[in-house]
Amino acid sequence: MGQWQGRLISLQVGTSRFLRVGERTLRSAIRKQPLEGPVTVGPLGLAGDEQNDLSVHGGLSKAVYALPHQHLAWWSSRRQEVSLLDEPFVPGQLGENLSLQGVDEQGIFIGDRLRFAHGVVLRVTEPRQPCAKFNAVLGYERAGKDMVLSGRCGFYMAVEVSGSLRAGESFVLAPGPRETRIAQALQHKAFKHLR
């Protein structure tokens, strides 16, 4: 199997803030803000990006979170159906560092590499899993379940080659072992948590 190309639509970073989740107030950096770049990418992710709970987000194997850009329209529509909130999502609102065009959870596998035009290389490690903070941002309780059922979860990546990224940059997807699709890994992880 060969390589194919995609594009970095936008990149986002966020700082830790208070977020209301039901009756509780928690700290979270889930809401990210777009940057034009260049943004430095190191072993722990994008410069200026924060995570609150390193057991769930961040660290070497989950340094960068990417979401296929086309999912924002689906999530906006889904939220409007169930909660009547009709403001569309923009890149970064779902916690993603990278909004990508040209890949999705059915076509990308754990171990695949994204090789960006200016030298950064990111390796796909695992799907994002739903959490209470995700439900709070979406504005309805079933959001996590919708993530699992739809497979629209995005994926985490480790930084193999540091450098800098900028919005609009192209990348080549270099296939890894091609054993487990991100969508399959999400279903497996979700099933384990439901038992």
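I started with Asp-146, which lies in helix α3 (residues 143-150); helices here are DSSP runs of H or I with at least four residues, strands are runs of E with at least two, and both are numbered from the N terminus. This is a predicted model, where local features need pLDDT of at least 70, side-chain atom pairs count only at pLDDT 80 or more, and totals for chains, interfaces and linings use all residues. Residues are numbered from 1 along each chain as its sequence is written, and side-chain values use heavy atoms, with hydrogens and water left out.

Is Asp-146 buried or exposed? I found it buried, at 4% relative accessibility. (Buried means under 20% relative accessible area, exposed over 50%, partly exposed in between, with a 1.4 Å probe and protein chains only.)

Next I checked what Asp-146 touches. Its side chain makes a polar contact of 2.7 Å with the side chain of Arg-78. (A polar contact is a pair of N or O atoms within 3.5 Å; within protein, one must be able to donate a hydrogen and the other to accept it, and residues adjacent in sequence count only if both atoms are side-chain atoms.) Leaving aside neighbours within four places in sequence, I listed Trp-74, Trp-75, Arg-78, Tyr-140 and Gly-151 as contacts of Asp-146, contact meaning heavy atoms within 4.5 Å.

Then I went to Lys-133, in helix α2 (residues 132-138). Lys-133 is buried too, with a relative accessible area of 19%. Beyond its neighbours within four places in sequence, Lys-133 is in contact with Leu-19, Leu-26, Arg-27, Ser-28, Ile-30 and Asn-52.

On to the strands. Why is β10 (residues 121-127) largely enclosed by the rest of the structure? Because six of its seven residues are buried.

I looked at the partners of β10. Strand β9 (residues 113-116) runs antiparallel to β10, joined by three bridges; two strands pair if DSSP finds at least two bridges between them. Arg-115 stands opposite Val-121 in β10. β9 and β10 make a hairpin with four residues between them, and Gly-119 in the turn has a positive phi of about 105°. Strand β11 (residues 155-161) is also antiparallel to β10, with six bridges. There I found Val-161 as the bridge partner of Val-121.

Last, I traced an open sheet of three strands, ordered β6-β5-β12 with antiparallel pairing. Its edge strands are β6 (45-46) and β12 (163-165), each pairing on one side only. Three bridges join β5 (residues 39-42) to β12, and Val-41 has Gly-163 in β12 as its bridge partner.
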